[in-house]
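This report looks at charged and aromatic side chains and at how they pair. Please keep the sequence and the model at hand while reading.

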Amino acid sequence: MASAAEQLARNLSFSTFSKAKALQQRIWFTLGALLVYRLGTFIPVPGIDPDAFRATFEQSQQGIIGMFNMFSGGAVERMAIFALNLIPYITASIVVQVIATASPRLEALKKEGEAGRRKMNQYTRYLAVVFCMVQAYGIAVGLEGSQGVVLNPGWFFRISTVITLVGGTMFLMWLGEQITARGVGNGISLIIFAGIVANLPSTVAQTLELSRTGALPAFAGIGMILLALVVIAVIVFFERAQRRLLIQYPKRQVGNKMFQGESSHLPLKLNTSGVIPVIFGSSLLLLPATIASFAAQGNAPGWLTTVTALLGRGQPLYLALFAFLIIFFAFFYTAIVFNPTETADNLKRSGGFIPGIRPGERTAQHIDYVLTRITVVGALYLTFVALIPEVMFSQLAVSQFIGGTSLLIMVTVTLDTITQIQSHLVAQQYEGLLKKSRLGGGKRR
């Protein structure tokens, strides 16, 4: 039998949305914030020659820099103030969460509720500033090593570049938090999503141009489009897939009446970690590769050039590390967001149990066993979606076409945002029904 929330969700209509003024304000705020982000990707860092940098960028966009440019919404190819995007912040989040698993102090902060979460976020911001400064300084040195890019090389340019890029990332962190609090969806994910979508028209146009000129065979272009459609269908299917554990509640007596025991389901998503493993894995690969790629354009040591080549997009080492990081973070992030012991305790307190499984520790072990098995499938699905298109596109030497990572981020963020919008509409309709029932009760009295 469908729940009341599911029945309300089926009855949603345009009239419901038109009455949800608060939701409309949230959507307009989100769109306005994303517009501000897009404007920032066109403001260049002071002290560089845009034409000279564009020529330098075109020589290296086939590798990891092209992927970094995709995440930043084209800010890298314009060397804009948002060129670092949110990659340092995401990397800092990874480091803090990993440390929290081994630090009793940080583990205690996670259990302190809202106050502990704010403290953890503060540590993450401090560490993000450090990562920003390291990356920004590496970029400044790399730009100075490129012929004719920097107008006046020296410490003044390096300091101004570091301040500009760090300030841009800090502003994006604040903007993402504002979207999460006052808009719709996860702000950090939406900013990355907006950057990828902004490059989508030019990416498709470049691919069609390659097909028109004969640089890309016609069958290859059609195959890439069909592959993208298949990948999108696979993403939607797996993101919606769930393993439902039957939860039984015992009979209860109220006064002289005996009520039959109810049953419900505990939904376990096949991919509990969402798009986080792919974003985390990409961020960790981009951190060293970005500095190496920029620095390698100047008088860099031989080992730095080797690192840049090995971590190039489509290279075996890059693919192997990417696959390992995706699988690792799929299990790691799932363990963070879902606690089987806590879930089993909550079921025991409410009187619920899994048929055939003893409440308490045995229930926690059973949930953990099921969750581990489906996470294996979820991790393999994420690895497939992220790597198979990468391999195929690298073999065709077409880096302009959007890859599996981009498709995964776009589809997942879109599904999550739509789900949040539906939740707001269901809450709006539910409040309206409550108000009508109260008014009706008052009239009968």
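## Arg158 and its partners

In this predicted model, Arg158 and Glu144 are joined by a salt bridge, with a distance of 2.8 Å from N to O. Because Arg158 belongs to helix α9 and Glu144 to helix α8, the pair ties together parts that are 14 residues apart in sequence. Arg158 is buried at 19% relative accessibility, and Glu144 is likewise classed as buried, its relative accessible area being 18%; the cut-off for that class is under 20%.

Arg125 is partly exposed, with 29% relative accessible area, and Glu177 is partly exposed at 26%.

Arg54 and Asp51 form a salt bridge as well, and their closest N and O atoms are 3.0 Å apart. Both residues are in helix α4 (residues 50–60), where a spacing of three residues means that about one helical turn separates them. Arg54 is partly exposed, with a relative accessible area of 39%, whereas Asp51, at 54%, counts as exposed.

## Aromatic pairs and a cluster

The model holds 11 aromatic pairs. One of these is formed by Phe171 and Trp174, a tilted pair with 5.8 Å from centre to centre and 35° between the planes. The two residues are three apart in helix α9 and are therefore separated by about one helical turn. Phe171 is partly exposed at 31% relative accessible area, and Trp174 is partly exposed at 45%. The rings of Phe237 and Phe238 have centres 5.4 Å apart and planes at 90°, which is why that pair is edge-to-face. Phe237 is exposed at 57% relative accessibility, while Phe238 is partly exposed at 22%.

Phe171 and Trp174 also belong to one aromatic cluster together with Tyr37 and Phe82.

## A further charge over a ring

Which residue lies over the face of Phe42? That residue is Arg78, at 4.0 Å from the ring centre.

How values were computed
Residues numbered from 1 in each chain as written. Predicted model: local features only at pLDDT ≥ 70, side-chain atom pairs only at ≥ 80, totals over all residues. Heavy atoms only, no water. Salt bridge = Lys/Arg side-chain N within 4 Å of Asp/Glu carboxyl O. Helix = DSSP H or I, 4+ residues; strand = E, 2+ residues; numbered from the N terminus. Buried < 20%, exposed > 50% of the residue type's maximum accessible area, 1.4 Å probe, protein only. Phe/Tyr/Trp six-rings, centres within 6.5 Å; stacked < 30°, edge-to-face > 60°. Lys NZ or Arg CZ within 6 Å of the ring centre and 35° of its normal.
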